[in-house]
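Subject: Structure handover

Hello,

Here is the structure for you to look through. My notes on it follow below.

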Amino acid sequence: MPREERSRTTGPPQRASALNRLRARYYGYPLRSRLVAGLAVVAALAVAALLLGVPVVATVGAAAAALLVFAALMRSSDAVATALISIAWVVLAYSLFLIPIRVADASVLLLLPLLPLLVSLAAARITAFPVWHTTLVALLVALILGLGTALAGMLAGSAPAALGVLCAYGGAGLALLWRVLAAYRLRRTMSDLGAPPPARGSTPRGAAPAPGAQARQRAAEGGRTRADQDGGEETAPVPVDEALAELENMIGLDPVKQQVRAIAASIEAARLRADAGYAVDRPLRHLVFSGPPGTGKTSVARTLATIFHSFGLLPTPRVVEAQRADLVGEYLGATAIKTNELVDRALGGVLFVDEAYALVNDGDGQPDRFGNEAVQTLLKRAEDDRDRVVIILAGYEAEMDRFLASNPGLASRFATRITFPSYTADELRRIAAFLFEQRGDLLDAEAEPALRRRFEQAVQRGAIDDLGNGRFVRSLVEKAAEARDVRVVTSGGQAHPPDPQELVTVRAPDIAAAFDDLTAHLPGFGEAPDIDEALAELDAMIGLDPVKRQVRSLVAQLQMAKLREEQGLRNHPPMRHFVFSGPPGTGKTSVARILGRVFAALGLLSRADVVEAQRSDLVGEHLGATAIKTGKLVDRALGGVLFVDEAYALHNPGYGGGDAFGSEAVQTLLKRAEDDRDRLVVVLAGYPAEMDRFLASNAGLASRFNIRIAFPSYTPEELTAIAETVAEGTGDAFDDSAREDLRRIFGYVCDSGWIDELGNGRFARSLFEKACSHRDVRVAEELGDSATAADLTLVTSADVRQAYEEVTQR
């Protein structure tokens, strides 16, 4: 069974309520600003009360109470209940304590408002029960014990005035201690029953949970919440063996299967230790899935959810899928609310965040405040609800590395990583065969080899990740069936209905049409280069006979090495890195392109592209930046040829302290040339003497770049042929006197030793282009509109001589 990406279970994000938008705006202001605003409001009301003759103390107390309730409302309904209970208790306790305490001793009652604050802070730490419920119980005990003590002291007539208040504090402390013990017993009982431990949102018997807690509790129990429309009802657990068998039936995935089996084994071992009476932690863990798209990450997440459900670690096997848009809000503050709502939906199951690295997007140079808010909220919930939800972060391997490194909390909480490899050509073929069989289609004898060749081409060129791995196979199967239908319907007609067998048979042209359609958007993607065409292009180059002989010898060695490999014979790794030494303008870049086509045709490179570079493309502005810059350049060239012209410039002995930047570039290049030798051909080019000194400057250069191709300077006859070939390519021609001048000019510069300085073949091209410019000026001045085609295309001796004077400035 192939890995496939199924539809997302998350619905469209709902619009935040008015209260949530108000909360987001409230928390958008810093805490200091909110405190200053509150004090300003209280001060303004106090001044107004003083001017109006209203009791100032009562006004300030009422204002403070109103602000406290508002702040609680901005937090949660649980906080509102706690605030109202605290305010009501202070008013009631102050009124009742005035009965046994004399007015002269009433100052001790100023300690009463502090008690609800301390109690609520302590109640927030007891997560097994709602804060408001624990606060209510503790304050009632404090009121009863404190008031009773104060009344008894009043009757006795000798008790201190503060005794009742102190007993109230003691009663609250005893009530909180009893609550802590009750939470501990409840947690132990739930653990023995194998149920998740209670948390805020689970309520003790007889207590009514808050609306937000009800939603979270239903989600944790596998029930359906208003936002959860993906079938989250509790289901009977699937046997673990059956869940693992489903994983084993997937094509490929061998490293992934091994890691999932290890996770299942660790869970089973934890269960056995618990049965033996040993203390164990719940073996739930958050995971990172890294790998290219279409490699079955979502399917494996569903399998893991089933395994956790089968072991009783999660109430449901539900998987809630999400991306950045499902976590990030439209404004600061809304993101935390949106992320919390998403985690609430996933409680009791698995939350799968695809392309999680998109949560940290610093591409514009500014920190991603929205993404960081989502990450911080996700980290907090991952810790707070670690026994009730499994969070899986998925994405490309390199991007996930950077994402995990952006926040220390990510690496510590998501320590388990499963890496998904790309499909091999054989696995792609097996998936395609399964999908064709599932559709009821048949492949003819020529379609199967055509399918195998196409998959090998995609893998060889390193394009399978860009195409989508398993998704590409599914699209290819559907496109091939569509091409088959078009072919069958259009080939016959109403008079000749198609054969029933032909209606379900896919042929090689259908495979080719589907493959070409799906790969058309990839630059340079097509049939693999042909060696004969590449060598024919080499033979067509003028001169360079020693180079042609050496390249042909190299091609023969590569072909024999591939043949030995195909026949199972021992073989030496093919030579991949070269030194091209010779003067400029002698075709070094052109020969590098031909070598790239040869390597690609033999399957030694995935593409025939050549990336050209010089010292400035490798060296950075400061130490440390050079390695990064060189690494990025090599990454661009991977799969093809990296051509470094004037490579000797990387070693500049003229610097007093040594060329540290160039040395760093050379060391990085050497390491990458060795590490990526199966995916890269590096060509270092430059003048012969300078390249000798450059290779001698580092022992690693001489050992890794041990194939040297020497490019000779062109002869006068070859330069003349180059100029005539360039002219022929543009439809121009030299007259006899101009051709004779060309021979004399090229003979003179070669005999004088200037040809290398002038650029060899580039000099011949420049001379022709300048001659054409002078020809155009001459024709325009002498003939104008009456010029014939021969006048417009013929280069004369005068044109050549003027061009030579301009090019050489002699």
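How much space lies in the second largest pocket? About 1,400 Å³. A pocket here is an open set of points on a 1 Å grid over the protein atoms alone, where a 1.4 Å probe fits, with protein on both sides within 12 Å along at least five of seven lines. The volume is the space filled by probe spheres set on the points, which are joined across faces, edges and corners.

First, the caveats. This is a predicted model: local features need pLDDT of at least 70, side-chain atom pairs count only at pLDDT 80 or more, and totals for chains, interfaces and linings use all residues. Residues are numbered from 1 along each chain as its sequence is written, and side-chain values use heavy atoms, with hydrogens and water left out.

The lining divides into 18 nonpolar, twelve polar and 16 charged residues. Nonpolar means Ala, Val, Leu, Ile, Met, Phe, Trp, Tyr, Cys and Pro; charged means Asp, Glu, Lys and Arg; the others, Gly among them, are polar. Helix α23 gives the most to this lining, with four residues. Helices are DSSP runs (H or I, at least four residues), numbered from the N terminus. The pocket lies between domain 3 (441-490 + 503-520) and domain 4 (531-710), because both give residues to its lining. Those bounds come from an automatic or database domain assignment.

Two helix pairs

α4 (residues 77-97) and α6 (residues 131-156) pack at about 5°, with axes 9 Å apart. Axes are lines fitted to C-alpha atoms over the stretch in contact; angles run from 0 to 180 degrees between N-to-C directions. So α4 and α6 are roughly parallel (under 35 degrees). Their contact (heavy atoms within 4.5 Å) includes Trp89 of α4 and Trp132 of α6.

α9 (residues 240-248) and α11 (residues 297-310) pack at about 170°, with axes 9 Å apart. That makes α9 roughly antiparallel to α11 (over 145 degrees). Their contact residues divide into six nonpolar, three polar and one charged.

Best wishes

Methods
Parallel < 35°, antiparallel > 145°, perpendicular 65-115°, else oblique. 1 Å grid on protein atoms, 1.4 Å probe; cavity = no way out; pocket = protein on both sides within 12 Å on 5 of 7 lines; lining within 4 Å.
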